[in-house]
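The stops below each give a selection and then what to look for.

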Amino acid sequence: MYIYRARVFDTPTNPFTGGQLRSDTDIALVVDDGKIIARTDIGTATTAHPDAEVIDLRDGILIPGLIDTHVHYPQIRAIGHLGKPLLEWLNECALPEEEKLVDDAYARNVADEFLTGLIGSGTTSAMVFGAHFASAVDILFARAAELGLRMTTGLVTSDRNLPEPLLTTVDRSLSESQQLIDRWHGQSRLRYAVTPRFSLSAGPELLAAGGQLVRDNPGISVTSHLNENHDEIAGVAQVHPQAQDYLDTYDKAGLLDRNTILAHNVHPNDRELARMAETGAAAAHCPTSNSALASGFFPLRRHIEAGVKVALGTDVGAGNGFSMFKEGVQAYFMQQLDPNGGQPLTSAHLLHLATKAGAQALDLDDKVGDLSEGKRFDAVLVRPTTGQPLDVGITNAADDEDALAKLFAMGTPADIAGVWIDGQPVK
Ligand SMILES: [Zn+2]
């Protein structure tokens with residue numbers, strides 16, 4: 001049993017609906033077998049648990065483990081290509097790299113690089129966009145199990161409009177996916193997600209096969225892309241002439257429910273927003289990717305007004321890194337700049353989007369997302385080097401919201417001094 005004595009920031013209540021930052025300068029989190037069994041003052045904690053080891057973290061700021069709701073495993077080596085819109089970027093930068101994961105040795109290296117980047121940035125839970133090859137997905141699951149990451153991922157499927165090595169068939173996608181589900185879903189902290197790449201590269205029959213997997217395997221998740229780019233949306237309408245809009249391609253296939261996360265949704269119509277709210281499907285907002293590919297301004301205000309769940313994703317490799325701090329501040333920048341009038345965001349909104357909202361999108365908020373009693377101890381300690389600008393900013397901050405704003409403005413993976421998942425230190 002451990003008592004973590006720390007300065008703790010989290011957002012158990014939603015700042016978008018009147019909640020605010022919860023900040024405690026000196027609080028004790030009593031952790032037993034990975035679970036926070038008490039959140040109290042240090043005197044009460046040590047009296048109640050005299051044999052527990054006290055770990056003093058007050059030289060940093062402890063926040064909940066960060067949650068990345070959209071990040072591509074095969075694309076770590078594709079980060080940083082500049083100056084291309086989505087479809088050109090896919091063909092020239094991302095897909096040639098994704099083809100290389102047919103080689104298990106290559107996939108093993110990429111899995112290690114990917115998970116190092118993710119965990120090193122303080123991400124403790126993630127919806128990971130997998131690979132087109134079942135063996136590469138199996139490799140990722142195995143490595144994530146060793147490291148203890150709370151990860152949902154799956155086999156990416158497509159049957160058209162991509163290079164031939166990345167294509168599958170309905171039958172093959174069903175059998176390979178089911179084998180991965182049987183092997184990994186529910187093991188360790190791992191869950192499976194049906195993952196059609198997007199409706200531009202997945203026809204109605206292949207999407208329907210994903211819906212069949214969801215019906216056959218209650219509790220598995222779904223992830224894909226939605227309304228990222230105007231050329232993409234026009235292409236989807238050609239592949240799916242019977243669908244009323246992009247979202248409807250997934251809806252017709254039985255792929256929309258509260259375990260569904262759809263990345264981007266930069267250009268939704270009102271019907272799509274209403275239907276997402278109705279089904280409980282979440283949007284993963286990926287602002288550095290939207291900026292890099294010039295996809296557009298994410299209509300955050302319309303999502304919130306429609307009642308759609310929104311969380312943050314890095315979208316590596318179109319997004320330019322694994323840092324959820326950078327993603328948070330970029331979300332803030334884009335809302336500031338949106339010519340249609342963005343949603344003003346405080347630092348509490350950014351922390352909520354990067355933690356609790358992600359837990360809700362992943363349907364994990366009974367376990368993680370904040371550091372309340374009863375939750376698992378997934379946490380990140382931010383402790384910048386003494387004298388560096390982030391340290392100066394936090395030391396001289398006007399109040400805790402201001403200190404948190406400095407953290408999002410200047411925090412990098414180098415400032416993360418500790419990461420715990422289920423009470424286990426992983427960095
Ligand atoms: Zn993506």
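**Stop 1: helix α6**

Select L206, L207, A209, G210, L213 and V214: these residues of α6 are buried. The model is a predicted one. Now look down the axis of α6: its buried residues fall within an arc of 150°, so they line one face of the helix. An α-helix has 3.6 residues a turn, so residues three or four places apart point the same way. On the face turned away from the buried side of α6, pick out the exposed residues E205, R215 and D216.

**Stop 2: helix α3**

Select residues 104–120, helix α3, with 17 residues. The distance from its first C-alpha to its last is 24 Å, close to the 24 Å expected at 1.5 Å a residue. Show A107, V110, A111, F114, L115, L118 and I119, which are buried in α3. Viewed down the axis of α3, the buried residues lie within an arc of 150°, so they line one face of this helix. Their cover includes β6 (66–72), β7 (123–129), α4 (134–147) and β16. Just past the end of α3, click on G122, where phi is positive, at about 90°.

**Stop 3: strand β1**

Go to residues 2–10, strand β1, where 8 of 9 residues are buried. Which strands does β1 pair with? On one hand, 8 bridges join β1 to β2 (residues 22–32), and the two run antiparallel; V8 stands opposite D24 in β2. On the other, 4 bridges link β1 to β4 (residues 53–56) in a parallel arrangement, with D56 of β4 as the bridge partner of R5.

**Stop 4: the two domains**

Colour domain 1 (2–64 + 370–425) and domain 2 (66–337) separately. Their centres, taken over C-alpha atoms, are 30 Å apart. Where they meet, 14 residues of domain 1 are in contact with 16 residues of domain 2. On the domain 1 side, the elements giving two or more residues are α16 (400–410) and β16 (416–421). The residues on that side divide into 9 nonpolar, 3 polar and 2 charged.

Key. Residues numbered from 1 in each chain as written. Predicted model: local features only at pLDDT ≥ 70, side-chain atom pairs only at ≥ 80, totals over all residues. Buried ≥ 20, exposed ≤ 12 C-beta atoms within 10 Å, placed from the backbone. Arc of directions from axis to C-beta. Pairing = 2+ DSSP bridges. Domains from an automatic or database assignment. Contact = placed C-beta atoms within 7 Å. Nonpolar A, V, L, I, M, F, W, Y, C, P; charged D, E, K, R; others polar. Expected span 1.5 Å × (residues − 1).
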